[in-house]
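Please read the following note with the coordinates open beside you. It takes up charged side chains and then aromatic rings.

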Amino acid sequence: MTNNNKKNIDTLAEVFQICQNNTTKISKDTVFNENNLSKLLTSSDLQRLADGRACFSKETVMAVYGLLPLKLRVENIELNLFPQAFYRLNYRAGKQDNVAIINISLSRAAALYQEHTAPKLKYIKENKNYLRHENEKAKNPQALKEASLRYYHSLSEEEKKRRNEQSKLRMQKYRTAHPEIIKQNNQKHREKYAKLSEIEKLSKKIENRIRNKKYRETHKEEIAARNKIYRAKQDPEILKQKQQKYNQSAERKQSAKAYYEIHKQKIIAQAKNNPRTKIYQQRYKAKKRFQERTAPKIFALLQALAEAKSK
């Protein structure tokens with residue numbers, strides 16, 4: 001059987017073991033229906049291949065390749081199986097003892113090559129770099145991530161900005177063209193998050209806050225410019241109402257109170273050094289004096305006038 005701890009497919013037998021293992025059906029015959037293998041092979045052929053007792057002739061090997069899925073799942077990763085790799089695995093299998101060549105009609109193989117293999121090879125040629133990148137990402141995600149970061153940090157600020165803009169445009173186009181895929185991916189992320197323990201959820205929340213804070217600090221001017229453009233496009237009265245509603249919310253009051261408690265000394269020091277602090281204090285004192293002394297007297301006089309007029 002295939003050693004699923006490996007990150008490579010080393011034998012032809014492993015290819016067909018994976019085909020058997022990846023199917024969710026009880027009957028192995030369903031493997032043929034799912035991958036079109038029944039067009040060239042029998043269930044007996046498949047078992048011989050999985051046992052390492054069979055291979056293909058050089059005239060038919062690529063026809064069989066066209067019937068296989070491009071991606072093969074090995075444990076928790078998916079690898080793209082390239083035609084050169086499949087040909088090499090078949091060649092090595094043919095050199096082993098007690099390995100027989102499966103009898104396949106050459107005319108049938110040629111027809112299936114045109115129907116399945118030729119389009120598959122065309123797709124692989126057009127997407128070769130991307131498919132290789134997928135394999136490297138699956139096998140060495142951390143190493144690839146570190147290499148990408150090193151390359152990114154080596155760029156100039158202008159190149160970084162241009163690269164970021166291109167990435168944003170590319171993702172916008174992709175989201176517009178594939179709304180259903182985006183919806184499915186979001187649902188998968190929500191389901192995956194729901195399965196996490198409370199400690200794991202808290203850890204992710206903290207990581208997100210740290211990452212977002214770092215982003216805001218790094219892109220402070222860019223964020224401010226975007227917000228300014230956004231506000232300029234909105235109705236000032238609606239923005240004012242939204243701001244008032246937000247300021248009056250319990251959440252805002254709680255966060256403001258928490259911020260004040262944490263930064264109390266800093267806020268007091270800033271207020272002390274602010275030349276307008278005295279003006280604000282005078283206005284506050286005048287407001288309190290009116291509320292506590294002047295206002296009650298005025299209201300009493302107004303009440304007395306109202307009662308005098310009613311007599």
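The numbered points below go through contacts between side chains, one group at a time.

1. The model is predicted, and a search of the whole structure finds 11 salt bridges.

2. One of the salt bridges joins the side chains of D45 and R48, with 3.4 Å from N to O. These two residues lie 3 residues apart in helix α3 (residues 43-50), so about one helical turn separates them. D45 counts as buried because its relative accessibility is 11%, under the 20% cut-off, whereas R48 is partly exposed, with a relative accessible area of 22%.

3. A second example is the salt bridge between the side chains of E78 and R73, at 3.5 Å from N to O. Here E78 counts as partly exposed at 37% relative accessibility, and R73 likewise counts as partly exposed, at 38%.

4. In helix α6 (residues 106-126), K122 and E126 are 4 residues apart, which means that about one helical turn lies between them. Their side chains meet in a salt bridge of 2.7 Å, N to O, and both K122 and E126 are exposed. Elsewhere, salt bridges that share partners join K168, E222 and R226 into one network.

5. Which residues gather in a patch of positive charge on the surface? They are K145, K192, K204 and R211. Of this group, K145 is found in helix α8 (residues 141-154), and K145 counts as exposed because its relative accessibility is 52%, where the cut-off is over 50%.

6. Turning to the rings, a search of the whole structure finds 3 aromatic pairs. F16 and F56 form a tilted pair, with 6.0 Å from centre to centre and 55° between the planes. Because F16 lies in helix α1 (residues 12-22) and F56 in the loop between β1 (54-55) and α4 (61-67), this pair ties together parts that are 40 residues apart in sequence. Both F16 and F56 are buried.

7. F56 also pairs with F86: the ring centres are 6.4 Å apart and the planes stand at 35°, so this pair is tilted. With F56 in the loop between β1 and α4 and F86 in helix α5 (residues 83-94), the pair ties together parts that are 30 residues apart in sequence. F56 counts as buried at 3% relative accessibility, and F86 is buried with a relative accessible area of 0%.

Terms used
Residues numbered from 1 in each chain as written. Predicted model: local features only at pLDDT ≥ 70, side-chain atom pairs only at ≥ 80, totals over all residues. Heavy atoms only, no water. Salt bridge = Lys/Arg side-chain N within 4 Å of Asp/Glu carboxyl O. Buried < 20%, exposed > 50% of the residue type's maximum accessible area, 1.4 Å probe, protein only. Patch = residues over 30% accessible without salt bridge, like charges linked within 9 Å, V, L, I, M, F, W, Y side chains within 5 Å. Areas by Shrake-Rupley, 256 points an atom, 1.4 Å probe, with all protein chains shown as cover. Lys, Arg positive; Asp, Glu negative; His and termini not counted. Charge placed at Lys NZ, Arg CZ, Asp CG, Glu CD. Phe/Tyr/Trp six-rings, centres within 6.5 Å; stacked < 30°, edge-to-face > 60°.
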